[in-house]
Amino acid sequence: MAMPRTGGPSQPDAVTDEEFARFCEFIYRRTGLSYGASKRYFIDRRILERVERSGVSSVQSYLALLRFDSTGRELEEIINSLTVNETYFWREEYQFACLANSILPEVVRTKRRGEPVRIWSLPCSTGEEPYSIAMWLLENWADVDQYDVEIIASDIDTQVLAAARQGLYDARSVQRLPKWVLDRYFERPTSDRWRIVDSLRSSIEFTRINASDRAQMAKMTDIDVIFCRNMLIYFDDVSRREVADSMYSSLRPGGFVCLGHSESMSRISPLFAVRRFADAIVYQRPAR
Amino acid sequence: MSPSPNPITQGNDAHIRPRRPKRLLIVDDAALVRAYYRQALEQPGGYTVDEAFNGIEALEKALSGPYDLILVDVNMPKMDGLTFVRTLRTTEEIACLPVMMTSTLNRDKDIAAARAVGVNLYLVKPISVDDLRLFAAIMTGATEP
Amino acid sequence: MPLVKAPSGAAAPGGGPARNTPNRDAVLADLTADTPDTRRAAARACRAFPDAVALIAKRLEEEEDTRVVEALVLNLVAIGGPAAAAALAPLLRSDRAGCRFAAAEALADMGPDALPFFDALIRDSDPQVRIMAAEIARGRVGGAVVQTLEHLLGMEEEINVCCAFIDVLAETGTADTAAVLTAVLDRLPEDQFLRFSVETALSRLPTD
C-alpha cells in the first residue's frame, strides 16, 4: 500500500485507519464528497501526496493544516486532487447515458406539444460538458428528433466562456470520443486541433452567471435538467445551500439535478428527492 | 465491560448469529456512533455494514441496496430520521425494509412519532453491544423462532 | 437539427427588466398561504425585509414543509446579526426533528453572532437541548467553543450528552483534549458506548 517516498526519513508512508476515518469525515462535512472503504487506496495516495507537497511531517499535522488553514488553499488543493480536476469530452459519460435513457424519457412525458426541453450546464467551463451533452443526445437519444432541445451553458468566468464559444480543443480533450463522433461534429483546422462545427456551436446559448447571485439565478427558469458537477464542493456550507435553493427555483417541477461523481446532495440541501436510475443517482425537484 | 459471559461473542449460541451475512445500513451523523455500531455488528456479529450520514444519504444507499435492516438515528442534518422513514415507506422499491430507530429521545411522544411513521423497533441510547446484536439478529430474522 | 438555441433574453442575466420590489403585505400574507409553492416563494422574497426576522422565526415554528423551512432558515443566516440568531435559538427545542437541526445548522453557519446563544444553550437544563447545541460547535462560531465543551464535559452527568460532546471534540479537539476525555471514564459509571467514544476519540485527536 505504501508509496515510494523521496522525502526525508520523517515523512509518513501510510495512513492509519483512524486517520482515514477522520479525513473522510472532514472532507464529507466540508465538501459533500463521500468516499467509502473501496476508495481507500486512492484516498491514501492523495493524502500522502499532499503531505509531501505541503511539507508537513505527519498525516495528523496535515489534517490539522486542512482544518485550520483559513485561506482555504489546502482544501482546494486536496479537492482538486480528489476529483482529478480536469475537463474533457464525455467525462463521466454514465450520466449522459442516464440523461438519454432515463431522465429525458421521464421529462418529456409531461411536455406539451412544442414545449422545449431545457438543459443547463453550470458551470460549463471551456465547453466540453455542454457540447458532450449535445453530441450524446444527437447520437443516443432515440426521441431527439421529436423535441426542441435547448442547451444553456453558464460560467462565472468570461475567459472560459469565450473559449467555450470558440470550441477549439486539443488531443487530450477529445481522446475519449469515438472516431465517428469526431468526424461528425469536429473540424481539423490544424493536425493537433479539433474545432466544434459551426452548426453545433451556434446552437448552444453561452451566458455568464454567478451561481451565488440569487438575482441572476432567478432569471433562469423552466429548466428540465441541470448538470452541476464538481462546483459545489468548492463552496462553503451556506453558499452551497443557497445555490441548491436557487437551482430548485430554476427547475420546473419534476426537473432534475445531476451532480459529479462522488458528490452527494446529502451534505448540501434537503430540497430534492433522491432518484436512482440504472445508470446513476440523480436528484429531483418533486413534481407537485 | 460486563463481567457476565457474552453468548454472542463466545459464539457458542449459534441461534443468534445470522445464517448468512446480512447487510445493515447504519444511519447517524455522529461518526463515533457509526463506528460503535460497526464494531459491535461487523465482527464477530457477522454482518456486512454500510454507513450513511443522514436521511438523504441513507435513501441513496438504500436504493442501491439491498439491505436486511436499517438502523437510524432521529436527529440528523438535512433529513432527520423520521422524515427518512416516512420517505422510505412511500418509496416503492424499499418501502418494506425493517427499520430500527435509535435515539437519545426517550419521551412517550418521541416513541409514538416513530411508530406513526413506520419504525419497527425503537431503542433509547446508549445501547449496549449485546442489545445491538440481539435486536439486530431478531430484526433480520437471524434467530430461531 | 433538433438542437435549438435558447432565447438569449430568457437566459441572459442583467438583460431583463429590473424586478419590482416585492409588496411587503402581500409577501407576508403569502407566508401562510395554502400551497407550499406560494409559501416558499414568499419565504424567498421576505429576505428583502430584515425587520421581518421575528415573523420569519414565528413562521419557522409552524412551517412543516421542508422546502419552505429551508428558504426561511437561509434568510435568517443571510440577514444575520444577533436578532436572527435569537430567533433561531428557541427552535432547538422544537418538537419537529427537522426544525431542530435546521436551526442548529443555521446557528453553526452564522459565525460569532451565534456565540452567546451557544454559551446559553450548551448549559440548558434539558439534555436534548445540550445535545443539539453541541452541533453549533462544529460550525464557525469561533471563540472558545472547544474549551467550553471540554470544561462542561468535566461536569456533565448524562452519558448521551457526554457522547455528543465527545463526537464534536473528536473532530475539533486538540492534543489538550485527551486529558479531559480520559477523566470522563474515571468519573462516570461504566458504559460501553462511552468507553468506545472516548477511546476512539483519543485515537483521532492530534498528538502535537
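Predicted model: local features only at pLDDT ≥ 70, side-chain atom pairs only at ≥ 80, totals over all residues.
Biologist: Which helix of chain C gives the largest share of the side that touches chain A?
Modeller: Several elements of chain C give two or more residues to that side, among them helix H1 (8-11), helix H3 (36-45) and helix H5 (66-79). With 8 residues, the largest share comes from H5(C).

Biologist: On the side of chain C that touches chain A, how many residues are charged?
Modeller: The contact takes 46 residues from chain C and 49 residues from chain A. On the chain C side, 20 are nonpolar and 9 are polar, while the number of charged residues is 17.

Biologist: Which residue of chain A meets Arg44(C) in a salt bridge?
Modeller: Across the interface of chain C and chain A there are 9 salt bridges. In the one formed by the side chain of Arg44(C), N to O is 2.6 Å, and the partner is Asp245(A).

Biologist: What is the radius of gyration of chain A?
Modeller: Chain A has 12 helices and 10 strands. The globule rule gives 19 Å for 288 residues, and chain A comes close to that, so it is as compact as a globular protein of that length; its radius of gyration is 21 Å.

Biologist: What percentage of the residues in chain A are buried?
Modeller: Here a residue is called buried when its relative accessible area is under 20%. Of the 288 residues in chain A, the buried ones make up 58%.

Key. Residues numbered from 1 in each chain as written. Chains lettered and ligands numbered in written order. Heavy atoms only, no water. Contact = heavy atoms within 4.5 Å. Salt bridge = Lys/Arg side-chain N within 4 Å of Asp/Glu carboxyl O. Helix = DSSP H or I, 4+ residues; strand = E, 2+ residues; numbered from the N terminus. Nonpolar A, V, L, I, M, F, W, Y, C, P; charged D, E, K, R; others polar. Rg over C-alpha atoms; globule rule 2.2 N^0.38 Å. Buried < 20%, exposed > 50% of the residue type's maximum accessible area, 1.4 Å probe, protein only.
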